[in-house]
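I opened the model today and went through it piece by piece. These are my notes.

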Amino acid sequence: MSQYVLRRLLIAIPSLLGISLVLFVVLALAPGDPFGELATNPNVPPEVQAALRTKFGLDDPIYIRYLRWLAAMAQGDWGFSFVSRMNVDTLILQRLPATLYVIGSAQLLALLIAIPVGVYAATRPYSIFDQVANTLAFVGFSLPTFFTGILFILIFSVKLDWLPFVYTTDIKETGILWVLEMIRQAIMPVMVLGLFQAASMTRFVRSAMLDVIRLDYVTTARAKGLGQAKVIVKHVMRNAMIPVVTLIALQMPAVFGGAIVTEQIFRIPGIGSLLISSILANDTPVIMAVTFVFACLVVLFNLIADVLYGWLDPRISFR
Amino acid sequence: MFDKDLRTMIDDVKDGRIDRRAFVKRMIAVGLTAPMANQILAIGGVAMAQSPTPYKPTKRGGGGPLKLLWWQGPTLLNPHFATGTKDQDGSRIFYEPLASWDADGHLNPILAAEIPSIQNGGLAADAKSVVWKLKPGVKWHDGKPVTADDLVFNWEYASDPATAAVSVSTYTGLTVEKLDDLTVRINFKDPTPFWANAFVGAYGCIIPKHLFAEYKGGKSREAPNNLKPIGTGPYKFVEFKPGDLVRGEINADYHMANRPYFDTIEMKGGGDAVSAARAVIQTGEYDFAWNIQVEDEVLLRLEKGGKGKTVYAVGGDIEFIAINFTDPNTEVDGERSSMKTRHPILSDAAVRKALALLVDRESVKKVIYGRAGRTTANYLNGPEEFVSKNTRWEFSIDKASQLLEQAGWKAGADGIREKDGKKLKLLYQTSINGPRQKTQAIVKQACQKAGIDVELKSVVASVFFSSDVANPDTYSKFYSDIEMFQIPMTQPDPALHMRRYHSRNVATKENKWQGQNFPRWVNKDFDVAIDAAETETDPLKRADLYIKCNDLMWQDTVVIPVMHRLAVDACSNTLRPALSGWANRSDNLQDWYREA
């Protein structure tokens, strides 16, 4: 087992190197200039722009810049933002709590809805409950988050005036009031994201369950007189969870990566909004760091998913 | 007073109580035509009339929080590195210049004891030096006194090319000399009629010597205080999260009486303009939102029974169509739009004049910009004494057709005019931006009716405005026949705004297309007038020279002004911001207050 994990980690190194190289080259070849904003400003002479480019090493050839980046990254230096003139890791760490809180809650909400609803719907396929759940799931994942987000804002903020739609990181209250306010401002983004995720996940759980529920061993379990609850939870669900775990594991990096659209709508200062504003400002070191960390997380969670398979189904062995 | 009147009158026009013409007449009556650059009058010896700010609070603080929404949040807080207005706005909460521009384009003393003038001996008659006196007793947020050494240091810091400050051009071509602890003299290399640039406005913000002295030049980016400002401003630094949040608290030692009014300040970033307007006007979650570039129709709808309103500030920002005088389709020495070529169609003055007749500015205003735009024939739209009265514009498809007909452009079989085998086909490019694409459509339609075939092209703003030498789609390369965008006027003086069309500034491959004269228009009279204006010390003669420059551009149809754009912000009904079209939004932040 530990040997397997070690081998997988070693295999991950060349693939991460490859990913970083591709990312770096694409970013270097992409059009745009981090100091482009200066170009139309008549106060700023072109020499300043040129000096800034030289200072940040933008005029060097790509391979030198890549090697320089790689060497720095290996020493834990994530780079230096052109736009904010501060270290990229500080910038990312500042954004991480909001992302983890909002996106994490949304994922949790999605799981809390999807698993019970999916399981229950699968035990009674084509019943009224199943039909309703299916219809809602279809509606749910057909509506894009930018639409539901704005709809929620119009209903709950503008019309009813119940919830704020600008997420603030510095709530004045302390103690229990602070907690309540944190929950209040997260309700809308969490709902928007959570319901969207829940919709597709429900469909997934349901079909995974249906695949397993028809198998002979389930009939055997029932025949030996086990109760419905026990059959479903202990025998069916555990086996049906394998594909679901893959899905969840692959979505975990998204918890760290944030949700670009939702974060933009609700002004959540998360990783997603950092990424989009850096892309718009051509702040390559930040884009590079965020996307690369993202790639690392995808690799890592894939590994975690594979290890979890073995725990869920002891027949799967690691070689 | 003026600002308030303007707002009520705009409302009147909006509700149909006054028609547009009467509105314009009354604007002249209330003094809109007199936003004069005070300092120029001062050089001429005219007594300076400082416009008093109507500031009502009678004690410092007690105003609760001030919540600002900047849909692009500040990303750094050092005024010398502030690339965009958002960064300047964030820095300005904590740092202050010697003086700032008020709504009328007058200088308003901040750290200065008084505005230099000939009377008080601050200005030299030859326009080669200025003496600034600091207000005594001003302290940095850490308690150290502000002295003339700080001013000298700011000049050294910014003018050092290794620092790579964006304020470098503000501080080059001059030296700053300490006269005593509170007095400095700026010595200009050449006579400088526009002397109020260094230490004034956004780039004039002053950083403390004792915290930045070690970080001058190449080490500038390492200064810990780049992210933790210690200035003299009305609010002290509390917290900064780039792109998201800037927070400050009241400076109890602030150097102006009864100011500031608010106890805390918060500048939140992110999101988009429409929802920012909504958070201020509809739900009242925020007090003020910056730069609401949203179609007027949307704003009018939001304003119905809302908690806030839109406010406008008049500056000199101009949205215009520029005409390419060189040929974008012929390559000479690896360079298109080369100065060695002439545009096959647009070098014909009749075609350029016809194009100007085909831009329906009134419709563009009505359909797109609404209250945020004014129609104009001029490239230079302010301050008032620089605005030409000799120009006019007209929209007439008939006249345009006639003009083209006379010049020999006859309609071909497909309805498109041609002459000597050249078809009247133009490529019209701009950046991707809702209002711009709509304007393109309006112009294209009129051109079609006059027999001109216009092909539209839109380029992502980050590419269009970039200085990327490798990219063919930048505005400065100008590989199209006509192009449209906005050039902001950053100070109430036309020098920088007009200088770019001087023949020495033509954008070429040689200067990596960094020359600012992108239409590549060359006119000897214009060059002579610009050169003369830059050293002319008589304010009236100087204004005449700039008017002449504007008129030359109009006669030659170098650019076709589409809209004189106003700054639009959303503001809560109770907030009284001090705004100016000649300054950044937060430039007079100390004067903001709330009326119960």
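**Entry 1: confidence**

I noted first that this is a predicted model. I looked up the confidence for chain A. The mean pLDDT there is 84, and 94% of the residues score at least 70. I then asked which helix of chain A has the lowest confidence. Helix H2 (residues 46–55) of chain A does, with a mean of 72. Helix H5 (residues 128–142) of chain A is at the other end, with the highest mean, 91.

**Entry 2: chain A overall**

I counted elements next. Chain A holds 12 helices and zero strands. I took the box along the principal axes. The C-alpha atoms of chain A fill roughly 85 × 60 × 40 Å. Of the 319 residues in chain A, 36% are buried. I also checked contacts between residues at least 6 apart in sequence. In chain A, 73% of these join residues at least 24 apart.

**Entry 3: helix H1 of chain A**

I checked the length of helix H1 (residues 2–29) of chain A. Its 28 residues, at 1.5 Å a residue, should span 40 Å. Is H1(A) covered or hardly covered? H1(A) is hardly covered, as one of its 28 residues is buried.

**Entry 4: strand E9 of chain B**

I moved to chain B and started with strand E9 (residues 264–269). E9(B) is mostly covered, with five of its six residues buried. I asked which strands pair with E9(B). Strand E1 (residues 65–70) of chain B runs parallel to E9(B), joined by six bridges. In that pairing I found B:Leu68 bridged to B:Met267. E8(B) also pairs with E9(B), antiparallel, over five bridges. There B:Leu245 has B:Lys268 as its bridge partner.

**Entry 5: strand E20 of chain B**

Strand E20 (residues 559–565) of chain B came next. Seven of its seven residues are buried. Strand E12 (residues 318–323) of chain B pairs with E20(B) in the antiparallel sense, over five bridges. B:Glu319 is bridged to B:Met563 of E20(B). Strand E13 (residues 373–374) of chain B is antiparallel to E20(B) as well, over two bridges. Opposite B:Gly373 I found B:Arg565 of E20(B).

**Entry 6: a three-strand sheet**

I then traced an open sheet of three strands in chain B. The order is E14-E15-E16, and the pairing is antiparallel. Which strands are at the edges? Strand E14 (410–411) and strand E16 (422–423) of chain B are, since each pairs on one side only. Strand E15 (residues 417–419) of chain B is joined to E16(B) by two bridges. In this pairing B:Lys419 stands opposite B:Lys422.

**Entry 7: B:Leu174**

B:Leu174 is in strand E5 (residues 174–180) of chain B. Why does B:Leu174 count as buried? It has 20 other C-beta atoms within 10 Å, and the cut-off for buried is 20 or more. Beyond its neighbours within four places in sequence, B:Leu174 is in contact with B:Ile186, B:Asn187, B:Phe188, B:Lys189 and B:Ala198. B:Ala198 is 24 residues away along the chain, and its C-alpha atom is 9.1 Å from that of B:Leu174.

**Entry 8: the largest nonpolar core**

I looked up the largest nonpolar core. It has 228 residues. B:Leu69, B:Ala277, B:Val280, B:Ala289 and B:Leu358 touch the most other members. Helix H4 (residues 88–123) of chain A gives this core its largest share, 15 residues. I listed the contacts of B:Ala277, leaving out neighbours within four places in sequence. They include B:Ala289, B:Ile292, B:Val294 and B:Ala570.

**Entry 9: where the chains touch**

Last, I checked the interface. Chain B puts 45 residues in contact with 42 residues of chain A. Among the elements giving two or more residues to that side of chain B are strand E7 (235–241), helix H13 (461–464) and helix H14 (495–499). H7(B) gives the largest share, three residues. By type, this side of chain B divides into 16 nonpolar, 19 polar and 10 charged residues.

Terms used:
Residues are numbered from 1 along each chain as its sequence is written. Chains are lettered from A and ligands numbered from 1 in the order in which they are written. This is a predicted model: local features need pLDDT of at least 70, side-chain atom pairs count only at pLDDT 80 or more; totals for chains, interfaces and linings use all residues. Two residues are in contact if their C-beta atoms, placed from the backbone, lie within 7 Å. Helices (H or I, at least four residues) and strands (E, at least two) are DSSP runs, numbered from the N terminus. Ala, Val, Leu, Ile, Met, Phe, Trp, Tyr, Cys and Pro count as nonpolar, Asp, Glu, Lys and Arg as charged, and the others, Gly among them, as polar. A residue is buried if 20 or more other C-beta atoms lie within 10 Å of its own, exposed if 12 or fewer, and partly exposed in between; C-beta atoms are placed from the backbone. A nonpolar core is a set of buried Ala, Val, Leu, Ile, Met, Phe, Trp, Tyr and Cys residues joined through C-beta atoms within 7 Å. The expected span of a helix is 1.5 Å times one less than its number of residues. pLDDT is the predictor's confidence in each residue, from 0 to 100.
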